[in-house]
Amino acid sequence: GKLDGHINYYLSGGLYTRPDAIDLRKHWSYKKEQAEINKRLPDLMKRYLRCGVTTIIDVGGPMTNYSIRKQYNQNATAPNILVTGPLISTYQPEAFKIKDPPIIKVNNVEEAKALVKKQLPYKPDFIKIWYIARNAKMAERNLPIVKATIEEAHKNNLKVTVHATQLTTALLAVKAGADNLVHSVDDRPVSTEFVRLLKKNKVSYIPTLIVSANYLKTFTTSLDYHPQDIKFANPFFYNTLNDLKRLPDSLLSPQVRGMRVSKMTGLMKNYLRRKDSMMAVNLKTLYRAGVNVVVGTDAGNIGTMHASSY
């Protein structure tokens, strides 16, 4: 069967699943969203199998990820499941400062190591780092946390997956010992050094090519209604993507209101074209160089539906 190297159980693919990206909790609470996701987990598993995907890798979520793996890995109507727990992060969105968060900000090396150790009794399949940096200075400042996390994980025979979308953070992560990169480098062309290190260290690259565009398509109410989504996506969550056409302005931020009115403007199309082109160029460079490329959708993010997005 096929493998999706990057999915998220705690995200539905619907409009209300990322309150850090678009906060509609006054209309649809995060608690209600999580309840609907949990209720539909058996359906989600069957949809993956229906699309021929027999292995799925959840690349970070709340500690309940481990109970999902335990419940469904013995189930013949579910794919094989690999998981980790909360993202060990250099940043935490306000919306996810909750009881069982999918993302936990660590402030120093000691906290990073402690979060790895906290997960060990649950037997994670790997450890995930969210390496967020607005500039090169921030990337360097947070590097000790990344290094400490990787060292602690490797000490316990666990591989490490890193979210790093800029060449600077991706290169630093690979130098620090990252085993997998779970997003494309999208800010500039990859360097010769980067390609060489990925090959030398046998680092896998999971491009997640469609996730960014699907946010913009949703926020500008410009969904393309792909036949795969119509046929295979969960209809309840897929239908919520159209709610943005109906919600009152009072629930939306000025930015989202502007995007909804403007539809997909030339500016947005150019942004997507540049981003998509850079990801495509880098993917081709790495593939031709012999880097191991793994299909991953980042399913669960807004507009990227489970199973059908594969």
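Modeller: A residue is called buried when its relative accessible area is under 20%, and exposed when that area is over 50%. By that rule, buried residues make up 56% of the 310 residues in the protein chain. The model is a predicted one.

Colleague: What makes Asn-282 buried or exposed?

Modeller: Its relative accessible area is 0%. The limit for buried is under 20%, so Asn-282 is called buried. Asn-282 sits in helix α12. Leaving out residues up to four places away in sequence, Asn-282 touches Val-185, Arg-188, Pro-189, Val-190 and Tyr-205.

Colleague: How far apart are the C-alpha atoms of Asn-282 and Arg-188?

Modeller: They are separated by 8.4 Å, although the two residues are 94 residues apart along the chain. For the protein chain as a whole, take the contacts between residues at least 6 apart in sequence: 71% of them join residues at least 24 apart.

Colleague: How do you know whether the radius of gyration agrees with that of a compact globule?

Modeller: The rule is 2.2 Å times the number of residues to the power 0.38. With 310 residues this gives a value near 19 Å, and the protein chain has 19 Å, so the two agree. Along its principal axes, the C-alpha trace spans about 50 × 45 × 40 Å. The chain holds twelve helices and ten strands.

Colleague: Why are β1 and β3 said to stand at the edges of their sheet?

Modeller: The sheet is open, with three strands in the order β1-β2-β3 and parallel pairing. β1 (2–7) and β3 (80–83) each have a single partner strand, so one side of each is left without a neighbour in the sheet. On average, neighbouring strands here are turned by 15 degrees against each other, direction ignored.

Colleague: What makes β1 and β2 a pair?

Modeller: Two strands pair if there are at least two bridges between them. Four bridges join β1 to β2 (residues 53–58), so the pair qualifies. In β2, Ile-56 is the bridge partner of Asp-4.

Colleague: Which helices pack on or lie across these strands?

Modeller: Helix α2 (residues 41–50) packs on the sheet and touches β1, β2 and β3. Helix α3 (residues 64–72) lies across β2 and β3, at about 160 degrees to β3.

Colleague: Why are the buried residues of α3 placed on the same side of it?

Modeller: The residues are Asn-65, Tyr-66, Ile-68, Arg-69 and Tyr-72. They cover an arc of only 160 degrees around the axis, which puts them on the same side of α3. An α-helix has 3.6 residues a turn, so residues three or four places apart point the same way. Lys-70 and Gln-71, on the other side of α3, are exposed. The buried residues of α3 pack against α2, β2, β3 and α4.

Colleague: What is in the largest nonpolar core?

Modeller: That core has 40 residues, and those with the most contacts inside it include Tyr-131, Val-162 and Leu-286. Helix α5 gives the largest share, seven residues. Apart from this core lies another, of 24 residues, among them Ala-213 and Ile-302. In soluble globular proteins, nonpolar side chains tend to be buried together.

Methods. Residues numbered from 1 in each chain as written. Predicted model: local features only at pLDDT ≥ 70, side-chain atom pairs only at ≥ 80, totals over all residues. Heavy atoms only, no water. Helix = DSSP H or I, 4+ residues; strand = E, 2+ residues; numbered from the N terminus. Axes fitted to C-alpha atoms, helices over the stretch in contact; angles between N-to-C directions. Contact = heavy atoms within 4.5 Å. Core = buried A, V, L, I, M, F, W, Y, C linked by side-chain atoms within 4.5 Å. Buried < 20%, exposed > 50% of the residue type's maximum accessible area, 1.4 Å probe, protein only. Arc of directions from axis to C-beta.
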